[in-house]
Amino acid sequence: MTSELDIFVGNTTLIDEDVYRLWLDGYSGLWGTVCGCRFGGAVVLDGRAGRARMSDAVALRVRSGILEQTGATAAVLQSDTMDHYRTFQMLERLLHAPPKLLHQLIFQIPPSRQALLIERYYAFDEAFVREVLGKKLSKGTKKDLDDISTKTGITLKSCRRQFDNFKRVFKVVEEMRGSLVDNIQQHFLLSDRLARDYAAIVFFANNRFETGKKKLQYLSFGDFAFCAELMIQNWTLGAVGEAPTDPDPQADDMDMDLDKEFLQDLKELKVLVADKDLLDLHKSLVCTALRGKLGVFSEMEANFKNLSRGLVNVAAKLTHNKDVRDLFVDLVEKFVEPCRSDHWPLNDVRLFLNQYSASVHSLDGFRHQALWDRYMGTLRGCLLRLCHD
Amino acid sequence: MPGKLKVKIVAGRHLPVMDRASDLTDAFVEVKFGNTTFKTDVYLKSLNPQWNSEWFKFEVDDEDLQDEPLQITVLDHDTYSANDAIGKVYIDIDPLLYSEAATVISGWFPIYDTIHGIRGEINVVVKVDLFNDLNRFRQSSCGVKFFCTTSIPKCYRAVIIHGFVEELVVNEDPEYQWIDRIRTPRASNEARQRLISLMSGELQRKIGLKVLEMRGNAVVGYLQCFDLEGESGLVVRAIGTACTLDKLSSPAAFLPACNSPSKEMKESPLVHPPSHGCRSTHNSPIHTATGSRLTQNFSVSVPTLIYTGMGSGSAGKEGGPFKALLRQQTQSALEQREFPFFTLTAFPPGFLVHVGGVVSARSVKLLDRIHNPDEPETRDAWWAEIRQEIKSHAKALGCHAVVGYSESTSICEEVCILSASGTAAVLNPRFLQDGTVEGCLEQRLEENLPAGCGFCHIPYDELNMPFPAHLTYCYNCRKQKVPDVLFTTIDLPMDAAVIGKGCLIQARLCRLKKKAQAEANATAISNLLPFMEYEVHTQLMNKLKLKGMNALFGLRIQISVGENMLMGLASATGVYLAALPTPGGIQIAGKTPNDGSYEQHISHMQKKINDTIAKNKELYEINPPEISEEIIGSPIPEPRQRSRLLRSQSESSDEVTELDLSHGKKDAFVLEIDDTDAMEDVHSLLTDVPPPSGFYSCNTEIMPGINNWTSEIQMFTSVRVIRLSSLNLTNQALNKNFNDLCENLLKSLYFKLRSMIPCCLCHVNFTVSLPEDELIQVTVTAVAITFDKNQALQTTKTHAEKSLQRASTDNEELLQFPLELCSDALPSHPFPPAKAVTVEKASPVGEGNFRNRSSPPCANSTVGVVKMTPLSFIPGAKITKYLGIINMFFIRETTSLREEGGVSGFLHAFIAEVFAMVRAHVAALGGNAVVSYIMKQCVFMENPNKNQAQCLINVSGDAVVFVRESELEVVSTQQPAANCQPSCTGGEVTT
């Protein structure tokens, strides 16, 4: 006796959250090699082949103890799993454009379930996103997914879904004007949190920030996403608020690209380290203000010129794409690592950065106060986030 | 020019990409009705075209309005080559033809293509202006309402129930050998869809004409079926019950949620029908059989069984003065009818007087080509023959009417089994005719109808019974005789006194048969049929006894024919009727009594059976009150009484000898084990696993013993096909395979729906077919309805004391039960205690509870929810309007089966699409639910070698508008909700 066909269709589409997770995680619903070990006696007899086989997804459900809970048999579980998998496969096409899921007529799904389907489909693994963050979302990267899968232990199928999600969101919002987060939310119906994460991913992919270097490994996706949000808010064209009136259709995308003019202007900051008087004055202002307040005062005093040179030079180099990509590497090398080697407490870093930024306002000879604030305001936030172990 | 049809094409959305180069589509629409076609402009380069067309107007006869569907074709414009069809929408405009239903059809319809399935949607508005036409020779029957529901629809009142209407139309099938032919894609299947649409329109119109002739205004219990006869053509046939219905002007009073919705009928006041004077009685089929045609057809009529208790039928005689009078009266009302049949399964109060038992007839026919489609007399004659047989069976049971009547066919190659079945009954004549037959008898009739048991009383004469049966005085009223077991095809009457809960009972059977041709084949089949009927009947009886119950409702026996086997599947809902005697146990008798080990084995089996019966009684809460002899005081013969008492003793003991003595040959149900076959049978009895804790199932509308439904419902269809390995094709192996198939299917359903516990699967409808040599296909459609466990302490009005008893035991029993079973060898109740267990006992009454459950977390969905249910009602809601019948036929085909996920992927997608199209049509009519939904056909064929598959699905139901009772609540909170809610008084306070 072989089951040739076995389906269940409800007027309201049944969604099993656990099975959905297995499907998203890329476990096969079809007969295949059982991942991990065999599970006590729970095998399905496939009559046609005459061998005992069980799909990965079913094996995992068995392992969750569902058979004991419900008294069902493995065959029932297999049939149930396949029904859900078929449903998910049919839904996947709609999930690629979530508004379609809301308007389609084929599956009657309560709104709360629709939201759950979308949110989970677009959720991603921290381990995976760290591997591709800042990489070009191209075929080339897609080829590396095999290695990423091996490295992270995430199934290739799941890697592909996550990568395709990144790419799809990127493609849709790439050419769009207006707020990046809003655009993502509108076209993919994601929660605010997830939309912000995607904004960061898209922003990093677009600017190709290097995040994979060994010295950046200690940083989490959250760290980068935090920085991305600050940079989108302050350093892009959209941030200035001039773009909506910009009649030039060739203008840069507002939230995705850094404001080129701003980057050019950053060269002007060089005077802060190039002009020796200005540098000394800056140092003395900071030191005066912080004396007795910092635990690492002497280290700071000794290192001030190096740190300041580092920060200002990072700014001055941002005209080159190559240096934009290395922004985080530079920040870690020029600022985070020196602080770390001298064991600066986070609070001291905060006090220093506040004072370092504010003191510039008292430098009479310096004329680029607004520019400095736009640069340093964001950088200060980023640096504080980057300073951890 | 009696009608003007107006159509406006508004917009399209989600269209497929038809031009690969631009990734866009240049779509336009053709609107066709009859022979007239209009076109919209081409909307260039868009997947969401906005045509916003003018009103296309068709001036047509109302006859055409009824027959023709509106055809909407969406095409992609191509300058250089032929335009590509994207897909089609067929809209049945019948609902617009009667005043009370929908006034406009407007909404998004899925664009359907037989190869690609749904490809986007189109927004269409349809209106009809109907001019009154009093032409008495007219061929149209506009205005006759059709209902699939097999009871009087909720917002109507039956003035007269006229009776049986039937009609069939035949045609050549544009395509039946799809796999073998070379053809242009989709062309012939589209022709087929169009033809069937046209034929069912025509059929409906003709049925309507008959109804008008009978001076009715509606058809209730309308059942339309297709016979795909292959080479010999396509038959579309329909049966129904003609009625005169009155719309209830003021909405019926508010019903508390705890009430079973069917009680609503109570509110329809019984008014004597107005006298119509002389009436045409011409409702016979138009076509009469001609002898010459008949002789060409080989036909075998199969002797059929009459199911009441046991035994088969023979002619009965009149007897008893009261019965004779009653009979006379009903007879006069019914004799004008050729076939006093009713497709209804639930009736207005007082309509059903007595129930005799199930009557059925089958006949095996050889199909040949229908030469002249305009004169389908052969098929008419076949059915007339069968109906005649049913009628005479009913007569033998002392009944003049057949209720719960249905007809079906099973076709394999050129052999066709025609089946008809129903329940012989005696009806109250006052619904059937005008006032002329009503006399002083009326009063007497009323007096003699005790509530809750009247229908169980035998209609036939006890001294001259049509078959051997055991009669006792009714356990309820003690006045009339009742049989020991009652089988019926109808729903449980709502006033029936029932003890405990009911359950789904199935008999499953396979019989091998030799492959043969033509006459030889038909003979072989007709030789097998009586044995199958007998075995199905025995199985049903055994299983019923095993459940400790004494009556079956909703019995449906399906016999399907295949190349090399016959399958029988009977489904029914078993209940314990308070009026009927306690069923005796099952006793096993061995053939070789001297063999010690054998004896031991037998007694072990006996013990197992007794245990199962006891367990089932507990599970279904069957605790009939012990009746002491003093109370009885009726002239029931002594010996019978003693045997009953003895039996109840012996049930708890294992002493076989005592059983033998007390039961005698007559009363006990003795299973003789004389060979391995019989052993198998007994084993198979015990393999049926009860549903897991928290689940109940039945194939009737409502579950006896549960009437506190909450509003969550889930209708579903499940299909399974298994391939038998040809090596072990013995009857036993077949039976086991088939049994496993059905049991596994049920297990899967319970698993899938576990989140709805506590819930009941209602209207579980199994159909079995044999699409190919070694394939068995089982299709199940049912609805799962949640109920509130804490309100299961519902009273049955007529049995106050019983309910008290139940109320005290209800909760403990349900909780104890899983524990008890765990220590047992039988598979236990595996599901963890349901969530509702934790709900406090003092929780507020129904409305409060289900309001919480029903309200969706967010309501910003753009697509309105359409509920679907095979039941005639929606729990916790009130149907306010019937919008018309939904009767849809779809074909889906593929030439890339593997790419579409194999057979399962293909059919899964198709059924989902069918649901979507039904929902869209209902929504466009302005409705929010389909009731009495049924999937009448699901014919699946595959040719894996060619990577092809094809499926035909036919569904129907009634589109309705319903309003949640919680929304009505505002209006009617003042009305007492607590009068039916004794266990929950004061619950309101806790809210």
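How many bridges join β30(B) to strand β32 of chain B, and in what direction do the two strands run?

1. This is a predicted model, in which local features need pLDDT of at least 70 and side-chain atom pairs count only at pLDDT 80 or more, while totals for chains, interfaces and linings use all residues. Residues are numbered from 1 along each chain as its sequence is written, chains are lettered from A in the order in which they are written, and side-chain values use heavy atoms, with hydrogens and water left out.

2. To answer the opening question, two bridges join β30(B) to β32(B) (residues 929–943), and these strands run parallel; within β32(B), V930(B) is the bridge partner of M868(B). Strands are DSSP runs of E with at least two residues, and helices are runs of H or I with at least four, numbered from the N terminus; two strands pair if DSSP finds at least two bridges between them.

3. Four strands of chain B form an open sheet with mixed pairing, in the order β30-β32-β33-β31. Because β30 (867–868) and β31 (877–894) of chain B each have a single partner strand, they stand at the edges, and one side of each is left without a neighbour in the sheet.

4. The largest nonpolar core has 240 residues, among which F352(A), Y375(A), L70(B) and I122(B) touch the most other members. Such a core is a set of buried Ala, Val, Leu, Ile, Met, Phe, Trp, Tyr and Cys residues joined through side-chain atoms within 4.5 Å, where buried means under 20% relative accessible area (1.4 Å probe, protein chains only). Helix α16 (residues 902–924) of chain B gives the most to this core, with 14 residues.

Conventions. Buried < 20%, exposed > 50% of the residue type's maximum accessible area, 1.4 Å probe, protein only.
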